[in-house]
Amino acid sequence: MNGSQYRPAVMSVDVEDWFQVENLRAAVSRESWDTRERRVVANTQRLLSVFDRTGVTGTFFCLGWVAEREPSLIRDIVSAGHEIASHGYAHRLIYEQPLEEFRQDVVRAKALLEDISGQEVLGYRAPSFSITADSLAVLAETGHRYDSSWFPAQGHDRYGRLDLAEEEPRGNGDASTADSSRSALAVRPVMRLTPTPAIREPFFELPITTRRLAGRVLPWGGGGWFRLIPAGMFRRGFLRAVTRSGGGVFYLHPWEVDPDQPRVEGIRRDYAFRHYVNLKRTEDRLERLCRTVPFARADRVLKLR
Ligand SMILES: [Zn+2]
């Protein structure tokens with residue numbers, strides 16, 4: 001990709017189990033996690049097989065809680081050539097906890113994941129994309145080099161808000177080169193992260209891919225939307241967004257390829273729809289997407305190692 005405007009998109013997986021999802025929180029308490037059937041290993045192995053068949057490597061944002069209980073899964077991900085990044089330890093929404101507790105959570109997850117994987121953990125993704133400006137500074141101060149938690153799409157009640165789009169990218173070669181148009185959100189250095197001496201190196205934001213259609217910014221980077229809309233339409237739109245903005249980020253979860261996961265009753269109907277729609281088709285759709293779009297690990301796209 002040297003000398004070219006073009007970058008592969010980031011393939012990313014948030015490694016967590018079906019019972020840790022925010023949409024199910026009303027019916028599945030945190031205290032019950034240890035009593036639930038863990039399906040994350042088998043489901044992540046299915047994703048690893050898809051990536052193996054299609055020659056894709058990506059970034060796995062792993063939950064500390066899972067890594068602690070399933071360390072060999074983390075090592076399997078490493079040996080398959082993927083990047084280990086952090087999804088925090090306890091999967092609490094960032095803005096629902098004091099900043100100091102957030103700091104402890106990410107420090108704990110980073111140390112644990114580095115211990116198990118033998119890789120330095122450079123990246124972070126927030127539970128339910130609940131990122132805030134304050135928490136970005138904490139990430140940079142605690143040795144992370146990039147965040148991929150910003151989902152600048154409309155119409156979601158839980159996503160965090162950042163105003164990075166209003167800031168000028170620090171266009172200065174390599175990874176920090178960003179297209180100057182508003183829609184070009186593939187790689188954007190986070191600005192104004194220099195008030196503390198603890199932050200010495202550039203810190204990057206890798207937003208989830210969106211598409212502007214009919215005056216609205218739609219989520220177009222994976223998850224429920226990927227399972228809901230026609231597969232060909234998603235692939236064409238994603239490829240287009242990636243080509244236009246010089247990059248992109250796709251994400252999914254292991255439980256999204258698991259149609260046999262336990263069904264949770266007593267949650268909001270729209271949450272249930274978002275969680276369960278088209279689970280049966282995800283694996284096949286993912287495989288076709290992997291054969292259509294060039295994907296890579298986030299650390300390589302950012303040229304961090
Ligand atoms: Zn999550």
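Student: Which exposed residues sit on the face of α7 turned away from its buried side?

Tutor: That face carries Gly232, Met233 and Arg236. The cut-offs use C-beta atoms placed from the backbone: a residue is buried with 20 or more others within 10 Å of its own, exposed with 12 or fewer, and partly exposed in between. This is a predicted model, where local features need pLDDT of at least 70, side-chain atom pairs count only at pLDDT 80 or more, and totals for chains, interfaces and linings use all residues. Residues are numbered from 1 along each chain as its sequence is written.

Student: How do you know that the buried residues of α7 share a side?

Tutor: Take Phe234, Phe238, Ala241, Val242 and Ser245, the buried residues of α7. They cover an arc of only 95° around the axis, which puts them on the same side of α7. The arc is taken over the directions from the helix axis to the C-beta atoms. Their cover includes β1, β8 (210–213), α6 (223–228) and β10 (249–252). Just after α7, Gly246 has a positive phi of about 75°.

Student: Why can we say that the buried residues of α1 line one face?

Tutor: In α1, the buried residues are Val40, Asn43, Thr44, Leu47, Leu48 and Phe51. Down the axis of α1 they fall within an arc of 145°, so they line one face of the helix. On the face turned away from the buried side, Asp52 and Arg53 are exposed. Just after α1, Gly55 takes a positive phi of about 70°.

Student: What do the buried residues of α1 pack against?

Tutor: They pack against β1 (9–15), α2 (64–69), α3 (71–79) and α9 (282–292). Contact here has a cut-off: two C-beta atoms, placed from the backbone, within 7 Å.

Student: What makes β1 largely enclosed by the rest of the structure?

Tutor: Seven of the seven residues of β1 are buried, so the strand is largely enclosed. Ala9, Met11, Val13 and Val15 point one way, while Val10, Ser12 and Asp14 point the other way. In a regular strand the side chains alternate between the two faces of the sheet.

Student: How do you know that β1 and β2 pair?

Tutor: Pairing needs at least two DSSP bridges between two strands. β1 and β2 (residues 59–62) have four, in the parallel sense, so they qualify. Ser12 stands opposite Thr59 in β2. Four bridges also join β1 to β10, again parallel, with Met11 opposite Phe250 in β10. Two bridges join β1 to β11 (residues 295–296), also parallel. There, Val10 has Ala296 as its bridge partner.

Student: Why is the crossover of β1, α1 and β2 given a hand?

Tutor: These three elements make a right-handed β-α-β unit. The term applies if, with the strands pointing away from the viewer, the path from the first strand over the helix to the second runs clockwise.

Student: How do you know that the buried residues of α9 lie on one side?

Tutor: Thr282, Arg285, Leu286 and Leu289 are buried in α9. Their arc is only 100° around the axis, which puts them on the same side of α9. Asp284 and Arg291, on the other side, are exposed. The buried set packs against α1, α6, α7 and β10.

Student: Which residues touch the most other members of the largest nonpolar core?

Tutor: Val10, Cys62 and Leu113 do, in a core of 67 residues. Helix α4 (residues 99–117) gives the most to this core, with six residues. A nonpolar core is a set of buried Ala, Val, Leu, Ile, Met, Phe, Trp, Tyr and Cys residues joined through C-beta atoms within 7 Å.
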